[in-house]
Every structure is written in C-alpha cells, then in structure tokens.
Amino acid sequence: MPKKKPFSAGRVPLILFLCQIVSALDVPLDPKLLDDLVQPPTITQQSPKDYIIDPRENIVIQCEAKGKPPPSFSWTRNGTHFDIDKDPLVTMKPGSGTLVINIMSDGKAETYEGIYQCTARNERGAAISNNIVVRPSRSPLWTKERLEPITLRNGQSLVLPCRPPVGLPPAIIFWMDNSFQRLPQSERVSQGLNGDLYFSNVLPEDTREDYICYARFNHTQTIQQKQPISLKVISAKPSKERPPTFLTPEGNESLKEELRGNVLSLECIAEGLPTPIIYWIKEDGTLPVNRTFYRNFKKTLQITQVSEADSGNYQCIAKNTLGAVHHTISVTVKAAPYWIVAPQNLVLSPGENGTLICRANGNPKPRIGWLTNGVPIEIAPDDPSRKIDGDTIIFSNVQERSSAVYQCNASNEYGYLLANAFVNVLAEPPRILTSANTLYQVIANRPALLDCAFFGSPRPTIEWFKGTRGSALHEDIYVLHDNGTLEIPVAQKDSTGTYTCVARNKLGMAKNEVHLEIKDPTRIIKQPEYAVVQRGSKVSFECKVKHDHTLIPTIMWLKDNGELPNDERFSIDKDHLVVTDVSDDDGGTYTCAANTTLDRVSASAVLRVVAPPPTPAPIYDVPNPPFDLELTNQLDKSVQLTWTPGDDNNSPITKFIIEYEDAMREAGIWHHQAEVSGTQTTAQLKLSPYVNYSFRVMAENSIGRSVPSEASEQYLTKAAEPDQNPTAVEGLGTEPDNLVITWKPLNGFESNGPGLQYKVSWRQKDGDDEWTSVVVANVSKYIVSGTPTFVPYLIKVQSLNDVGFAPEPAAVMGHSGEDLPMVAPGNVRVNVVNSTLAEVHWDPVPLKSVRGHLQGYRIYYWKAQGSSKRNRRHIEKKILTFQGSKTHGMLPGLQPYSHYTLNVRVVNGKGEGPASTDRGFHTPEGVPSAPSSLKIVNPTLDSLTLEWDPPSHPNGILTEYTLKYQPINSTHELGPLVDLKIPANKTRWTLKNLNFSTRYKFYFYAQTSVGSGSQITEEAITTVDEGKLAGILPPDVGAGKAMASRQVDIATQGWFIGLMCAVALLILILLIVCFIRRNKGGKYPVKEKEDAHADPEIQPMKEDDGTFGEYSDAEDHKPLKKGSRTPSDRTVKKEDSDGSLADYGEGVNGQFNEDGSFIGQYSGRREKEQAEGNESSEAPSPVNAMNSFV
C-alpha cells in the first residue's frame, strides 16, 4: 500500500539534500548514507574564546565534533601538547573531546589558567577549535583607606570617588546607604560610567554619613563594600550662581574609540548653579534613528550596534540660565574581523574542480592565513590539486587523497576569526532518498510537487518519466527543480498516474516511482444567505457541500470566525444551522466551513437582529460612574481616596468597588482593592511597598454595576525589605548525588522593592557542618551537587532585595537523592495455606542499604508448570506490592496442584533492589472445575448415551465421575434420583433399561481426592414405543403381533383420521390454557413436589455440590440448558487468576432464597461454556408429539 502524502495549496516542499553542488555544506544526514559514507571532522560545539570560570566549580571546557568515522580528540595548552593522562584531575568525556577538570576535590582554578585548543581528527583530516582563554573569575576586596569627612557650603559641586577593585569580569557599581536603600539620583546628582557619584551642586538635604559605593561581581554572586563617606553641607547663604563647567570629561575635546557591533557610550556631566541641562548633537550629521538612547538624565548618549558610519565628532552642551559650555568627543570606530564570505564545506567527486573562499573585513584590514588539518599550509604536505591565491584556494582535478580539513584565520589587533571547512572527495553512485511508492494527492487545478531527494558524487542528473513507456518530461509543461522535485503547475485529472524519477551519473543509475492522484475540489453548492429576523424568533442557514467521493469532509459552523456559542438554542441538522429564540447577541457573521484532508472552502452570511415593536423606555439603570478622584494623607503604606458619586439613575447605590493598577509591573490590569458602603465617599486604603498605584471606583445598585471611573493620579510607594519568605520550600534529590531545593517565589507585590533575590542555605541535619549559603536571582530552584546519597538536610530560603533581608526563615528538612537499594531480602519462607492461597515471610533489609524512602516490598511470582505433565505452560510473572515495612504477605488466586516460583525485592522511590534467591513451592490438589461439555446422543426406546469432555481445570488427579439422573413426568414432577459412579478414564457412557418416551434430567461432575467439583446439567428424552399404538387400534386391526401392526397403512383409515382430529383439538385447548397461565406470570408449584420426591442425597448439594433449585417449564417446552457451575465454596471462581488482590476473598456468591434454594429457576437461562457446540435434544412440543404418530 503506498504511503499517502497530501499537499495543501500553500505547501512548500522541504528538500534538505542540496549537498551535490560544489557549494554544498554537508553530506545529507540520512541514516542510509551515514552508515557507509566517510566525512572529515566538523567542530559542532566549543567553549567561548574568552572563558571566565567560577573557581568554586569544576572546569568544563567543551569540544564536540562529528565525522565518519567518529573523530578522536587531543588538546594543546599554551601552545604545547596537553597530556591529560598525566593529570589525575583531568578527564575527557567518552565519545567527546570535552575536558572536565575536577578542582572541587583537590585543585586550584589558577593552576589551569591558560590558552586551550582542541583538535578532532579522523582518517579524512583534522578540525581545530578556537583558542579558548580560560581565566578564573576574581572578586577582590577594597583596599583599606581612611576617608576624611567632607564639609561643603550649600551650592558647591562635589565628586565622590568610588574607584572599585579590578575584578574579572568588571564589577557593577551602585551607591546605597547603610539601610541598603539606593541613593536617589536626578539631573543634579548622578553616577558616572566610572562609578563616581557626581553632584552638580549640593544641598543641605545631601548631608549624611553613609554614602557607600558597592561593587557587585555577578559571576561569583558576591558584593564588596567601600568604607562609608561622610558629607556635611552647611546650610548658610548659598553659593553664588555660576555657569556650567564639565566635571567629566575634562577640557574641550576628548577621544573615544569603540569596536564595531558594540554599544557606544558617551558621557558628559557638568556642574553649575542652577543645575545644567545636557544636550547632544553630531557634527556634520544626525544621530541614528532607532539606535540612539539617552541614559542617566541625558548625561549619557548610547548608540547600539555601532558601525564605521558612526565615526565622527559628537558634541555635548551643558546649559543653564547663566550660560553654556561645549565639549567635543571625536569617535573612531574600529572593527575586529568579521565575515564577508566564510569558507563552506566542499563535496567533490574525483576529477572535479572547486574553490574555498575566505573573505573577511575589519579595521584595520585583517590578515588571512590558511591551515590544513591544523598545520600552517606553508609547512603542510604538498597537494598538486590545490593552489593558494590570497583568500582563495583553487582545487583542480581532485583525487580521494585531496580530502582534508582547511582552516582560515582572519586576524587583526582587535581579534580573530577561525573557520573549519572540509574538502571531501567522494565517488558515489546515485541514490534516491525519497520513499518508494509515495502517494501524492492533489486537488485539481492546483500545483503538484513530486519529491525526488537524491545523492551522488559526481552530482547526478535527474529525469522524470510518466507511465511505464513514457518519454522524459520537459520544462514546457513541467518545472524541474535543482533538488530533484518535479512541479506540475496546474494539475488536471489526466495528470493522475505513476511517475518515475531517474538519477544518473558516471558511476550508475537509480530510479524511484511515486504515484499522483487528482481529486475533485470541494464546493459549496448551496450557500447560507443574508437574514434579518426579529428578536425572539427562529432563523435557519443552509449549507450544501459537494466533494470528491474519496474524501470525507468535515462541516463546521463558525460565528464571527469563532466557535458557536455553547447554547442549546444553536443546533445543527444535516445541512442546516438553526438558531431559536434569537437575541441581539446572536447577530453577526455565520460561516459554513467544509474541510477535507486536501482543501477547505467556506461561505458566510450575515444575521441582523431587529427589535420587535417598540416598548416603553426603561425607568431604571445602573449608576453613572464616580468622578473627581483625589488622593490625600499619602503615607508609606496607606493613602486616603475620596470621590464624588455619579447619578444613581433611580436605584440607590448599595456599595462602591475600588480597584487598583500597578503601572510599574502590570499596566492596564486592574485588581480588586476594597469595597465600601454606598453611603461612603472616602476610603482609607492599605498599600504595599514599591508599587506605582492608580485607583478607580465603580458604583453598584440593584440593577448592576457602573462603568469604572477615570483613573486617579499615580502614587509610588517607597521600597522596603521583604516582609515574608518563599513558601513551599522543599528539598528532594533527583540524582543520587544532588539535592534540588525548590520554593514558590514571591510575586511582584510581595517583593517590596527592586532587585528581588533569594539566599539559599543548607547543611546536613545530623552533622556539625556550618550552613552553606548562596544568593540566587529571582528563580524557584537551586541544585546542590556532590551530596552523599539520601542524607537528611536542613534547608532555608530567605528573601532579599536591594533594601534588605526578610525575617530569618524557619528551616525545613529535605533529603538528597535516592539510589537503588543494595541488598535483597533474606530468609524467604513460604507457607502454603490451601490450594489457592500461600503466605510469604522474609527478613527485612537493613535500613541503610535501602538508600532511600522505604516504600515496601514487592513479590514476583509465577507458575512454572503444573504438577501434571499434561498441562505444562508458562505464564507471565505476577506482582504484589506490600506497603511499608511489612515482612509477610498473602498470595491469593493461586492455581491448585501447581508449582510456583517467587522472589522478593525491596522498593524505594528510585526503584527496586536486587531480587532474593528464587523460592519454589507446590499448591495441593483442589476440587476440579465442571466437565467442559456434556452431550446426549443416540436416544433409543430404553437407552441414552452420554458423551463429555474432561474439566478444563482438573486441579489434581481425577478419581472418578459422578452421574445422577431422575425422570420428569408429564406434570413436571421429579422422579427418584439414581446415583452412578463412572471411572475417570471414561468420556462416554450408555444408560440402559430406561423408560420409553420419558424426559430425564442429568447432573454430572468430576471428583479428585479432595472432593467433588462443579456440576453440569443436561436433559434428554427416550424415543416413543411404536408398539404402544397397537393397544389403541380397533379389535379387528389389533389382533396379531405388534410387528405386524406396523405394516398396516393406518393413515388411510377413517377411524385414525377421526382420532387425529380429536387429538388436534385437545392440543389446541392445551395451548390456549398454557398461554393464559404464562401471561399471568405464574409458575408451576414444583418446589413442594421437588422437596417431596428429591433424593435426600441431593439436598446438601444446594451448598456443596451445586444447586438443583426449582424446575419450571420454559417457553414452548424447550429443554433446560446447561446448569450454572457453582463451586463447593459457593463462589464462582475465575478460570485464570489475573494476579490482583480482587481474586482473594471477593468471589461472586450465589443468591439463595430464605429456604436455601436458588432464586433463579430453570427457565432456559444458562452459562455459556467455551466448549459448547451441541445443544441437547429439544423436548417435543405437542405438535411434534402428534407428528411422531404419523
């Protein structure tokens, strides 16, 4: 069956295999190709050139590569070979070149500082990584210094120096006070790019003793603090006003150099009184739109993605009411090397030509250098097929030995670029990668695209053919794409057929067949129509669709391009959409959309709902919104809101609802704040720190709620330290050597300020270790690595922000990761309780060996083979799990007379431990199931033959069968019960000396040494004695022997005809009486007769040997079918246990009357047996009895 591949109208084929041309990037990553195509190495992943590491963690230097065969890896350090085998702390990941330096166990990061380079090599060449400069991060302390207090007069300028220690990477600088509150900044006071704090002029409120500069080193998550600086401003007569002068930069001109692609930052900070304002211009040009940004109150100009065109003179102007000052910054943009044309991988066949181009630019112009297999090309082995021409290598008449990896290095004083590109010379016959017999289905008059993905070297030529004997398809009707795809711009019905793609090169040919089917388009032949209906009436839209008979459409109705309302008033009946009790909201555009797997069509109609005859205008309405909102008594954590109510529109206002918006975090989203009585117009509102509040008010009356009022003015509350810590703190390991600490983070309102972070602390619960702490960003998880397996830990997570810390949190307990248990339970003992139940005991394993939370013990048990060699079969293992630390358990639902094997395993959260030694046991014999079938064959005048199949589950060795039977007379009374024992090796038995024309009921069951099994019942009758007819003939006919009477043709005698008519009349009367009695629902009173005539031996079988119950005549006197099979324990047992606990003690108990008999009488209902094939002989109806005389 060909694969179906439908095309939609806008489908664009994705053909990834474009590697055949000279500019190819790679061999197609198709498994069928990669198995036998060689390929030089390619570096796929490597660490950054400037690799700053955390000295508190192991060093991981990445180097991943692919190739065929898989490459081997080697490293150099500082230009010489790095022998990792000689350093026990250095390992290389298997199948990879990535280095792992285990400095956490015994080592220092500074020891491994240096320049590293990775080489990946196979038989086709060698690829190299960048030079990876590995340096540990540094966060040095401030040098101790004595800072003298500063005293200034009001209006003077000031620069507070920061001069942070030089770290790696550079620190982030900010100024705060002793309370960890950020110092407010403005046009007058601001922080420079160098970290210093500049005052254009000081004011008395600037007086304080805790101007502190902080340096935050993000890489190590540490913050260093400078000694506080004390400033006192004398509030005497202010200094004389003065024009601006620049605090930074100095002089009238300065130079700035920046690299291409970086952010250019220019800064001008001026002093003066009044405070100057800064302006920026570019001489002989304009500032670039969309890339220019102003920071720090316009004192800093930033231009992103800077390029050479941004070079030039930039002028900053500081101006106040007394004058202006100018400073010109001459900007020069340099450039590290960047690619114009990077070299690309080259796949060639022997004898072909090709080129590798390496073209880069920069300022200054970069130098281009070539290497082959990591060796400078000048000293590499000569290859006559290559010629170097500056930034180009030209290959001609290549051979397989020309395969290699070439490196291009473009460098100048600002950096370098290194690119690997391989030349892979392959000789491969064509291969077609598209699946054979792909089926394409396309709608008529649309484009059809048939794929033929291919590979070969040299590049194969592609031809397409239609049919078995067609000629090559040409581009007058078809479009042949370079990737092998055949396009039929307008597919018609006659385009259907089989198409063959043939790929050829000088090494061979390959072909592939695909199939195209053209389908009729789906059309809407009856579209829904525009409708105008009155409110409360009914409307119907019709939409009939015609489609290709092989496609099954799906019809969907939409309203205003969305789903229909979930309303029972909308119903879809075949081609119609019906809307009842139309309301104003039902107006809109209704669309019928028909979709198939290949196309989609739709048609729309507008429904306009008009009002019924006009009604009086409503008297009542919702209130008008409140207005004139005002904020007063503005405190840190509260504010008073006052408003004026709007008109209540004749319904008193019952309450006002106040909502707030946080313009800083969730602008446009309003939250419930409070509700007050409809008589109030003022509310005192509780506020949270660091929220930019706006408020609005809505009024509500019995009609409804008003629209919101206009928003109040904004009010920004001050930041504060968090007043709560994260909740739901847990510690649970996911691996044997880690501890994953998780918590529910604070939301934006709970943070109380900027810079929300968490201090995560942990230590072993049972040890004397100090707390280990780390400050992390606003996340919800932290992973502690290198922990011992399943050890209890105490954990704390504390909130902090730029203002300070939250209260000390309570410690919670967690555990590091679990591992699989190490020890199997011992001393496994089995006690067989009975034939279906066993009890298993075992010794518990030591708790230390569990290595996790003990979840319980699991018993695997299975039946290996029956004790009887005739019934050997294997069953899948069954499992029972016992929770907690139990050391014993019951195995229910076992098969009697069977051999079982079991083992026990301990279970924790990680999984199961090793299994105990297998322990076998035998179950004793049980009672057998009922015989599989019972049939009565060869009925004669005085005999019946019984045939049966042994029980499907003997549950032991059969000792004998028991057959009990009794006659049933014409009044449905049961006769005496005969009990007969039959050897166990018999499957057939003939009963003789029975009464002729008599119905018998049989009860049959098997026995083992344990007892009797379930019974099976059947009924049959002996045939009619024709000799009896002689007794009712006239005297002249009846003389002689019975044998002679059979030779008389009595069918033609008049007396016989009269007799038959009388018999027929009697039968008709009998049928009428039976019909009347049955309709009344009565039963024959056979219960008392059964009690009177039944054999006393039968009575106990109501509980032990199966219940006979009452006997009642069934419809049309049909014989009773096989009786129910009830085991001796009064439960209906399953033939096969499914191993669940439901098999133990949950059997289906038989239902009994108060006197002990079955509720269900013999009324033709019986249990279907698997081996049932032959029904018992049908009891004769009166009509049949009449026919037997003829």
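## Terms and basis of the model

A residue is called buried when its relative accessible area is under 20%, exposed when that area is over 50%, and partly exposed in between (1.4 Å probe, protein chains only). By this rule Asp843 is partly exposed, with a relative accessible area of 31%.

The model is predicted: local features need pLDDT of at least 70, side-chain atom pairs count only at pLDDT 80 or more, and totals for chains, interfaces and linings use all residues. Residues are numbered from 1 along each chain as its sequence is written, and side-chain values use heavy atoms, with hydrogens and water left out.

Helices (H or I, at least four residues) and strands (E, at least two) are DSSP runs, numbered from the N terminus.

## The largest nonpolar core

A nonpolar core is a set of buried Ala, Val, Leu, Ile, Met, Phe, Trp, Tyr and Cys residues joined through side-chain atoms within 4.5 Å. The largest such core in this structure has 30 residues, and the members that touch the most other members are Ile61, Trp75, Ile101, Tyr112 and Tyr116. Two or more residues come from each of β3 (50-53), β4 (59-61), β5 (63-68), β6 (72-77), β9 (99-101), β10 (114-122) and β12 (132-136). The greatest contribution is that of β10, with three residues.

Ile61 illustrates these contacts (contact means heavy atoms within 4.5 Å). Not counting residues up to four places away in sequence, Ile61 touches Ser47, Tyr51, Trp75, Gly97, Thr98, Leu99, Ile101, Tyr116, Ile132 and Val134.

Lys299 lies in the loop between β26 (292-295) and β27 (300-303). In the counting of charge, Lys and Arg are positive and Asp and Glu are negative, while His and the chain ends are not counted. A salt bridge is a side-chain nitrogen of Lys or Arg within 4 Å of a carboxyl oxygen of Asp or Glu. Lys299 is buried yet has no salt bridge, and the nearest side chain of opposite charge, that of Glu187, is 7.7 Å away.

What does the side chain of Lys299 make with the side chain of Ser190? The two side chains make a polar contact at 2.7 Å. A polar contact is a pair of N or O atoms within 3.5 Å; within protein, one must be able to donate a hydrogen and the other to accept it, and residues adjacent in sequence count only if both atoms are side-chain atoms. Leaving aside residues up to four places away in sequence, Lys299 touches residues including Ser186, Glu187, Arg188, Leu266, Cys268 and Trp280.

## Salt bridges

Side chains of opposite charge can pair when their charged atoms come close. The structure holds 39 salt bridges. One of them joins the side chains of Asp54 and Arg56 (3.0 Å, N to O). Asp54 counts as buried because its relative accessibility is 12%, whereas Arg56, at 42%, counts as partly exposed. Another salt bridge joins Asp766 and Lys765 (3.8 Å, N to O). Asp766 is exposed, with a relative accessible area of 62%, and Lys765 is partly exposed, with 38%.

Arg829 and Asp843 also meet through their side chains in a salt bridge (3.5 Å, N to O). This pair links distant parts of the chain, with Arg829 in strand β72 (residues 826-834) and Asp843 in strand β73 (residues 837-843), 14 residues apart. Arg829 counts as partly exposed at 33% relative accessibility.

## Strand pairing

Two strands pair if DSSP finds at least two bridges between them. An open sheet of five strands, with mixed pairing, has the order β30-β38-β37-β33-β34. Its edges are β30 (346-348) and β34 (375-376); each has a single partner strand, so one side of each is left without a neighbour in the sheet. Strand β33 (residues 367-372) is antiparallel to β34 and joined to it by two bridges, and Leu371 has Pro376 in β34 as its bridge partner.

Strand β47 (residues 508-519) pairs with strand β40 (residues 438-443) in the parallel sense over six bridges. The bridge partner of Ile443 in β47 is Lys519. Strand β46 (residues 497-505) is antiparallel to β47, with nine bridges between the two, and Cys501 has Asn512 in β47 as its bridge partner. A hairpin of two residues joins β46 to β47.
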